[in-house]
Amino acid sequence: MAYTWEPKWEPFEVNVDGIVIKTCRDRYTGLIACPICIHAVSSCLGGNPPENYQFENSYFFTVDDLISHLKTYHVRGWHRRIESVASKSSEEED
Ligand SMILES: [Zn+2]
């Protein structure tokens, strides 16, 4: 017996400390998807999927868990990229 889960995404707006994030939430389970991992724009917000997008499955029971994921998983990655670009440009200046 196989168990599969086919999410029925609906638009969901997260508003934390004045920061609004538009993402998708499963109608049945209430699970909130990471808007970056599942590419919310094309998954439930009516946009087109980009070419060569690395889709990942990241779902959360609470808004706090989603925020924590965004901070640790995505923002940390951006910081690393910004730092590497900054160090490259400072090397070029030397
Ligand atoms: Zn994510």
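In which loop is the place of His 39? I found His 39 in the loop between E3 and H1.

**Entry 1: ground rules.** I noted that residues are numbered from 1 along each chain as its sequence is written. I was working with a predicted model, in which local features need pLDDT of at least 70, side-chain atom pairs count only at pLDDT 80 or more, and totals for chains, interfaces and linings use all residues. I took pLDDT as the predictor's confidence in each residue, from 0 to 100. The protein chain averages 90, and 96% of the residues score at least 70. I found the lowest confidence in H2, with a mean of 86, and the highest in E3, at 98.

**Entry 2: overall layout.** I recorded two helices and four strands in the protein chain. Helices (H or I, at least four residues) and strands (E, at least two) are DSSP runs, numbered from the N terminus. Along the sequence their pattern reads β-β-β-α-β-α. The radius of gyration of the protein chain is 17 Å, well over the 12 Å that the globule rule gives for 94 residues, so the chain is more spread out than a compact globule. That radius is taken over C-alpha atoms, and the rule is 2.2 Å times the number of residues to the power 0.38. I also noted that the C-alpha trace spans about 60 × 35 × 30 Å along its principal axes.

Entry 3: I looked up strand E1 (residues 9-16) and strand E2 (residues 19-26), which pair in the antiparallel sense over eight bridges. Pairing requires that DSSP finds at least two bridges between two strands. Val 14 stands opposite Ile 21 in E2. Two residues lie between E1 and E2 in this hairpin, and Asp 17 in the turn has a positive phi of about 50°.

Entry 4: Buried residues make up 16% of the 94 residues. A nonpolar core is a set of buried Ala, Val, Leu, Ile, Met, Phe, Trp, Tyr and Cys residues joined through C-beta atoms within 7 Å. The largest nonpolar core has eleven residues, among them Phe 12, Cys 24, Ile 38, Tyr 59 and Leu 70. Strand E3 (32-33) and helix H2 (63-93) each supply at least two residues of this core. I then followed Cys 24: leaving aside neighbours within four places in sequence, Cys 24 is in contact with residues including Trp 9, Phe 12, Ala 33 and Cys 44. Contact means that the C-beta atoms of two residues, placed from the backbone, lie within 7 Å.

Entry 5: Most residues other than glycine have a negative phi. His 39 has a positive phi of about 55° although it is not a glycine. With 21 C-beta neighbours inside 10 Å, His 39 counts as buried. Asn 52, in the loop between H1 and E4, also has a positive phi, near 55°. Asn 52 is exposed, with 4 other C-beta atoms within 10 Å. I placed Gly 46 in the loop between helix H1 (40-43) and strand E4 (59-60). Gly 46 counts as exposed, because 8 C-beta neighbours lie inside 10 Å.

Notes: Buried ≥ 20, exposed ≤ 12 C-beta atoms within 10 Å, placed from the backbone.
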